[in-house]
Amino acid sequence: MRKKEDEIVSNVKLAIVYYSSTGTNYKLAQAAAEGAKEIGAEVKLVRVPETAPEQAIASNPAWKAHAEATKDVPEVTHADIEWADAIIFSTPTRFGNMASQMKQFFDTTGGLWFQGKLVNKVVSAMTSASNPHGGQEATVLSLYTTMYHWGAIVAAPGYTDPITFQAGGNPYGTSATAVDSGEIPDAVLQAARHQAKRTVTVAGWVKAGQSS
């Protein structure tokens, strides 16, 4: 039985799509990629295009440094979304909503939606804010609203592993409290890994059911 489960998961293609200004969501995305690869999924880590003006980026040393450090990370394309069986999105909160960069990308997916190519994608989301009650839960839920329009299947972490409680207890998606040092507690990174494993596992079940 374990071998069969391994085969199901190893057939899953996961796209991790993130936006990060100073690095927190990039680290969450990397942790998710590690978790998915641990159980055999094929993973693409891609970022949404930056839409902020150069002047704004240059005014924040941490933002500028992160943009330079990750300039070689591929930008997401519609082909990546169509390729994926599962997608994890990671975005900082902006007043209880997703970052405009992520929303701008979503707003370009109408063609895929119209063609029915987003139906039954298994999706999950992660986020960050500068304090524990800075809109983290609302941001993840706002992202899922788009996913419902897609006809996607949301695989929230819920409380499927004790690490969720250790990471702050957000059942909708892993969330990090960003600090000036840029460090993320290990429990939060573990929660991101678990969320990725759960997303891939659910996608494996869906994919196996569709082909049976």
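The largest cavity holds about 60 Å³ of space, a cavity being a set of points, on a 1 Å grid over the protein atoms alone, where a 1.4 Å probe fits but cannot get out, and a volume being the space filled by probe spheres set on the points, which are joined across faces, edges and corners. The model is predicted, so that local features need pLDDT of at least 70 and side-chain atom pairs count only at pLDDT 80 or more, while totals for chains, interfaces and linings use all residues. Residues are numbered from 1 along each chain as its sequence is written, and side-chain values use heavy atoms, with hydrogens and water left out.

The structure holds 1 cavity of 30 Å³ or more. Its lining (residues with an atom within 4 Å of a point) includes Pro-157, Thr-164, Asn-170 and Ala-191, and divides into 3 nonpolar, 7 polar and no charged residues, where Ala, Val, Leu, Ile, Met, Phe, Trp, Tyr, Cys and Pro count as nonpolar, Asp, Glu, Lys and Arg as charged, and the others, Gly among them, as polar.

The largest pocket, an open set with protein on both sides within 12 Å along at least five of seven lines, contains about 360 Å³ of space. Of its 20 lining residues, Ser-21, Thr-22, Thr-24, Ala-178 and Val-179 lie nearest the centre, and the lining comprises 6 nonpolar, 11 polar and 3 charged residues.

In the second largest pocket, with about 290 Å³ of space, 17 residues form the lining, and Arg-47, Glu-50, Ile-57, Ala-67 and Glu-68 lie nearest its centre. That lining divides into 7 nonpolar, 4 polar and 6 charged residues.
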